[in-house]
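Have the sequence and the 3D view open as you read.

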Amino acid sequence: MPLPVVAAAVEGDVDEAVVEVLIELAGGQAGTVYGKEGKPHLRRQIAGYNNAARFSLWMVLVDLDHEETCAPTLRERWLPDPVPNLCFRVAVREVEAWLLADAETLSTYLSVAKSRIPADPERLQNPKQTVVNLARRSRRRDIREGLVPRPEGGRDVGPTYNSQLVEYVKSHWRPHVAAERSVSLRQALRCIEQLVQNA
């Protein structure tokens, strides 16, 4: 029996990897992933994704950032009436918090002490910056040079930030472990599991 296919829409490459892992973990098969052009693009397209979910399974993942005080408020403002086949979830405050929640594997991957990983990643104001700051302390040169931005570059992250975090997500990240320290991830897992089970 074929696995239920779930299409998705996300902000960027790291989010795409996260969504694909969650869908597969829930017993589904990741379909086409749309978006990947940042948060404003998702905001403009959300009604279209909701309409598409009338005919197939969908998951949309967006970062809370500092747009609203909490995830339910953002979901209500973006899409007050999602159709049953759409799992619309918000990472608090960024998807990097979900990665930080698996402290053991992330500390090993970044080659930093586990004690440096914040215990409550959903309280961080800027989880992405936290990952970059951890990478600065890495014992691995490729992590330091890849994730940390160059002073003259004017960017928030290093040149291979996305590709290295995608590798971590696909090969090492344990969502069920991370969900123990991340409420928004736990809710996202539950949502996608119900979506696949009810297909």
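Is α1 mostly covered or mostly uncovered? Mostly covered: ten of its 13 residues are buried, where buried means under 20% relative accessible area, exposed over 50% and partly exposed in between, with a 1.4 Å probe and protein chains only.

Before going further, some ground rules. This is a predicted model, so local features need pLDDT of at least 70 and side-chain atom pairs count only at pLDDT 80 or more, while totals for chains, interfaces and linings use all residues. Residues are numbered from 1 along each chain as its sequence is written, and side-chain values use heavy atoms, with hydrogens and water left out.

Back to α1. Its buried residues include D15, E16 and E20, along with V14, A17 and V18. Helices here are DSSP runs (H or I, at least four residues; strands are E, at least two), numbered from the N terminus.

Here is how the two helices compare with their expected spans, taken as 1.5 Å times one less than the number of residues.

| Helix | Residues | End-to-end C-alpha distance | Expected span |
|---|---|---|---|
| α2 | 14 residues | 19 Å | 20 Å |

Now the largest pocket, with a volume of about 300 Å³. Of its 19 lining residues, G12, D15, E96, K128 and N162 are the closest to its centre. Two or more lining residues come from each of α1 (13–25), α4 (95–100) and α8 (161–171), and α1 gives the largest share, three residues. A pocket is an open set of points on a 1 Å grid where a 1.4 Å probe fits, with protein on both sides within 12 Å along at least five of seven lines, and lining residues have an atom within 4 Å of a point. The volume is the space filled by probe spheres set on those points.

Over in α2 (residues 39–52) you'll find N51. At 41% relative accessibility, N51 counts as partly exposed. The N51 side chain makes a 3.0 Å polar contact with that of R54; such a contact is a pair of N or O atoms within 3.5 Å, one able to donate a hydrogen and the other to accept it. D156 is 105 residues from N51 in sequence and 34 Å away in space, C-alpha to C-alpha.

The buried residues of α2 include K39, H41 and L42. α2 also has a kink of about 55° centred on Q45, the bend being the angle between axes fitted to the seven residues ending there and the seven starting there.
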